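Good morning, everyone. Please have a look at the sequence and the model on the screen, and then we'll walk through them.

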Amino acid sequence: MSLDLLKQNITKNVQLNDSDLETFSNAFYPKTIAKKKFLLKQGEICNFEGFVTKGCFRVFTLDSQGKEHVLYFAIKDWWITDIDSFTNQNKSILSIQAIEDSEALLITHENKEQLYQQIPSIEKLFRIMTQKTLVSLQRRMISNLSQTADDRYLNFITKYPQIAQKLTNLQLASYLGISHEFLSKIRSKTVSK
């Protein structure tokens, strides 16, 4: 697994000298995850933060009735973790599952903390990434509260066509917060337009 994609992602947010960039990149280890296998299961402690280099993951939770709720999908050049479990080292309320054969570069909690001490710019990097994540989640919450299911569907397939083509109707419906049947109706309406 090449570290080049990770390095490109990092340098979009902060400038590191070559030595620091190598130190940072070498703190990650590669992980291959087969389709339908879990990188993290609800109830486990999330001991990694991951950078996707290939494939697609879904990050979701199951409620007390066993209903699935997808928080987000992560494709190549995206980050994945359960930030609450990773940061606080408590049991995860999320699961992370590969939708297709996938690869990620992972960093442990311990290694990340060491990098904060060793390379001060790394804290800036993760602050910027955390802010971007919060902005994205805020926009998603506002969308879920203020848009119709039709609009949410159209926005998703327009904004993330490379993800939409990888998903089953059940996975997309779970992300949109609607039933599989309702998604089928929305899709049939958009096709007939």
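Two strands pair if DSSP finds at least two bridges between them. Strands (E, at least two residues) and helices (H or I, at least four) are DSSP runs, numbered from the N terminus.

Now the ground rules. This is a predicted model, where local features need pLDDT of at least 70, side-chain atom pairs count only at pLDDT 80 or more, and totals for chains, interfaces and linings use all residues. Residues are numbered from 1 along each chain as its sequence is written, and side-chain values use heavy atoms, with hydrogens and water left out.

Start with an open sheet of four antiparallel strands, in the order β2-β7-β4-β5. β2 (38–40) and β5 stand at the edges with a single partner strand each, so one side of each has no neighbour in the sheet. From one strand to the next, the twist averages 25°. Angles run from 0 to 180 degrees between N-to-C directions, and axes are lines fitted to C-alpha atoms, for helices over the stretch in contact.

Look at β4 (residues 56–62). Seven bridges join β4 to β5, antiparallel. Which residue in β5 is the bridge partner of Thr 61? His 69. α8 lies across β4 and β5, at about 105° to β5. Contact here means heavy atoms within 4.5 Å.

Next, another open sheet. Its four strands run β1-β8-β3-β6, with antiparallel pairing. Five bridges hold the antiparallel pair of β1 and β8 (residues 102–108). Tyr 29 faces Leu 106 in β8. Helix α1 lies across β3 (48–54), β6 and β8, at about 115° to β3.

On to charges. Side chains of opposite charge can pair when their charged atoms come close. A salt bridge needs a side-chain nitrogen of Lys or Arg within 4 Å of a carboxyl oxygen of Asp or Glu. How many salt bridges does that rule give? Six. One of them joins Lys 7 and Glu 22, at 2.3 Å from N to O. Lys 7 sits in α1 (residues 4–11) and Glu 22 in α2 (residues 18–26), 15 residues apart.

Last, the largest pocket. A pocket is an open set of points on a 1 Å grid over the protein atoms alone, where a 1.4 Å probe fits, with protein on both sides within 12 Å along at least five of seven lines; lining residues have an atom within 4 Å of a point. The lining holds 46 residues, with Tyr 72, Lys 132, Thr 133, Ser 136 and Leu 137 nearest the centre. α5 gives the largest share, 14 residues.
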